[in-house]
Amino acid sequence: MKKVLSVLLAASLALGMTACGSTASSEAASEPAASESTASSEAASDATSDTASAEVTTVEPGKLIMSTNAAFPPYEMTADDGSFEGIDVEIAGAIAEKLGLELQIDDMDFDAALLAAQTGKSDMVMAGVTVTEDRQTVMDFSDSYATGIQVVIVPEDSDIASIDDMTGKMIGVQRGTTGDQYCSASVEDGGFGEENVTRYDNGLTAVQALNNSQVDCVVIDNAPAQEFVAANPGLKILDTEYANEEYAIGVAKGNTQLLDAINTAIAELKADGTIQSILDKYISAE
């Protein structure tokens, strides 16, 4: 549905206080200013040094631990050699680098990944996580770094042609995701009811159940849906989008130090084009 603070500020302060003159009198007059500038630069340098040395507190010193569910391509998945790859993995790596930390990825069920960040067993969770009101009560979220779209996968010969046709059908979802929450909600709240939802540990298992006719459709994010449909002939994605969402990084409630550092890194990675290049690498323009 998963490091870098204010060095530039001190540098700009030092540059802003540089003076120059063309006559002997002006040079003499500039000496005290130069002396003050040197003192200010040294003070700024000391402050910068203090900031740099005051590293962000993490679960394990020197590491940034990310909990995830590595069965959500192209955001996170396991490569043939057992390593992890994907959009969230690369963005997390870029954030860790900016914070001067080593990225460690812990793979687990989606619900467990959320809980690990909530309870401080991991520093953050990245698993195509959408910000919801319920989740905001138990954890804090970074600025958004990507947009997600919930879609519906059906067999090519399915009689489900739109969202409305899902009423009374059995819907497969990944446990704990927003797709699960949306579909499990009561009809009055815009869902289809718990009785019409079957939960699976990951999207792949849900799609396998669809292939085996155990469910009538699967609600999941568009990016992994594209991957699953490409790998499973006979399936298609409905033209109608189910929902639009923003992905963000979750951290323990009240961990403002880490959250501020992550947001600063995200802003810089957006500004220099790193995040967009990672998104473009894994998701082709449609």
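This is a predicted model: local features need pLDDT of at least 70, side-chain atom pairs count only at pLDDT 80 or more; totals for chains, interfaces and linings use all residues.
**Entry 1, whole protein.** I began with the totals. The protein has ten helices and 14 strands. I looked up burial next: of its 286 residues, 45% are buried. The accessible surface is about 13,800 Å², and carbon and sulfur atoms account for 50% of that surface.

**Entry 2, strand S1.** I then went to S1, which spans residues 63–68. Five of its six residues are buried, so I note S1 as largely enclosed by the rest of the structure. For its pairing I found two partners listed below.

- S5, residues 102–107, pairs with S1 in the parallel sense, over six bridges.
- S6, residues 124–125, also runs parallel to S1 and is joined to S1 by two bridges.

I checked serine 67 against both strands. Its bridge partner in S5 is aspartate 106, and its bridge partner in S6 is valine 125.

I moved on to helix H7, residues 203–211, which contains alanine 206. Is alanine 206 buried or exposed? I recorded a relative accessibility of 1%; the cut-off for buried is under 20%, so alanine 206 counts as buried.

I listed its contacts, leaving out residues up to four places away in sequence. Alanine 206 touches Val173, Tyr200, Val215 and Val218.

Note on methods
Residues are numbered from 1 along each chain as its sequence is written. Side-chain values use heavy atoms; hydrogens and water are left out. Buried means under 20% relative accessible area, exposed over 50%, partly exposed in between (1.4 Å probe, protein chains only). Helices (H or I, at least four residues) and strands (E, at least two) are DSSP runs, numbered from the N terminus. Two strands pair if DSSP finds at least two bridges between them. Contact means heavy atoms within 4.5 Å. Accessible areas come from the Shrake-Rupley method with a 1.4 Å probe; for residues, only the protein chains shown count as cover.
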